[in-house]
Amino acid sequence: MSKLSLLNWNVEGLIQKLELTDFINFVTTFDIICFTETFVTFPFSSSVFRDYTIFTATAKKLSHFGRASGGVISLVHKRFADSVQLLTTDFDNTIAFKVEKHVFSTDKDIVFIHTYIPPCESSYYNTSEHGYGLEQLDECVSRLLETMDEVYLLICGDFNSRTKC
């Protein structure tokens, strides 16, 4: 079985951390990097991550004041690029991609779902089309699984402990 390393980190703002050498040296030791609460509102690219394929789910500006909310960025080392396929999802703060089974020497492909679920009381839900919190994740998983053969799932991210809705 191939050894592959994964990092999932709620960074609470990514851009300012890109100037921190220790941060960059640490995160780039991983094959798959999943950042949540990036607050990044644009398609992300950075020369710091030139050895990675970058997938972005942008943060949302919920009011005229303050910073954006959420945002998810997944990075997959380019040595796995031919074995990774980005999957289509129309859910905010969610990225899904499939890794071919030979990478892990498994009998099925692995679908990674990387998500950020806003807290229950967030104003994000005032405009959401997909319900609250874990309901969104459940719907996303169901829709993805309808479109493919049997796979393994790996779900990571920030699910927020305040998802009582």
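Let me begin with two residues, Asp 109 and Lys 98, which are both buried, where buried means under 20% relative accessible area, exposed means over 50%, and partly exposed lies in between, with a 1.4 Å probe and protein chains only. Please keep in mind that this is a predicted model, in which local features need pLDDT of at least 70 and side-chain atom pairs count only at pLDDT 80 or more, while totals for chains, interfaces and linings use all residues. Residues are numbered from 1 along each chain as its sequence is written, and side-chain values use heavy atoms, with hydrogens and water left out.

Asp 109 and Lys 98 form a salt bridge, with their closest N and O atoms 3.8 Å apart; the term requires a side-chain nitrogen of Lys or Arg within 4 Å of a carboxyl oxygen of Asp or Glu. Asp 109 sits in the loop between helix H2 (101-104) and strand S7 (110-116), and Lys 98 in strand S6, so the pair ties together parts that are 11 residues apart in sequence. Helices (H or I, at least four residues) and strands (E, at least two) are DSSP runs, numbered from the N terminus.

How many salt bridges does a search of the whole structure find? There are four, and another one of them joins Glu 150 to Lys 108, where the closest N and O atoms are 2.6 Å apart. This pair links distant parts of the chain, 42 residues apart, with Glu 150 in the loop between helix H3 (133-146) and S8, and Lys 108 in the loop between H2 and S7. Glu 150 is exposed, at 59% relative accessibility, whereas Lys 108 is buried, with a relative accessible area of 18%.

A further salt bridge brings together the side chains of Asp 92 and Lys 60, at 3.9 Å from N to O. Because Asp 92 lies in the loop between S5 and S6, and Lys 60 in the loop between S3 and strand S4 (72-77), the pair ties together parts that are 32 residues apart in sequence. Asp 92 is partly exposed at 28% relative accessibility, and Lys 60 is partly exposed at 27%.

Is Leu 153 buried or partly exposed? Its relative accessible area is 38%, so Leu 153 counts as partly exposed.
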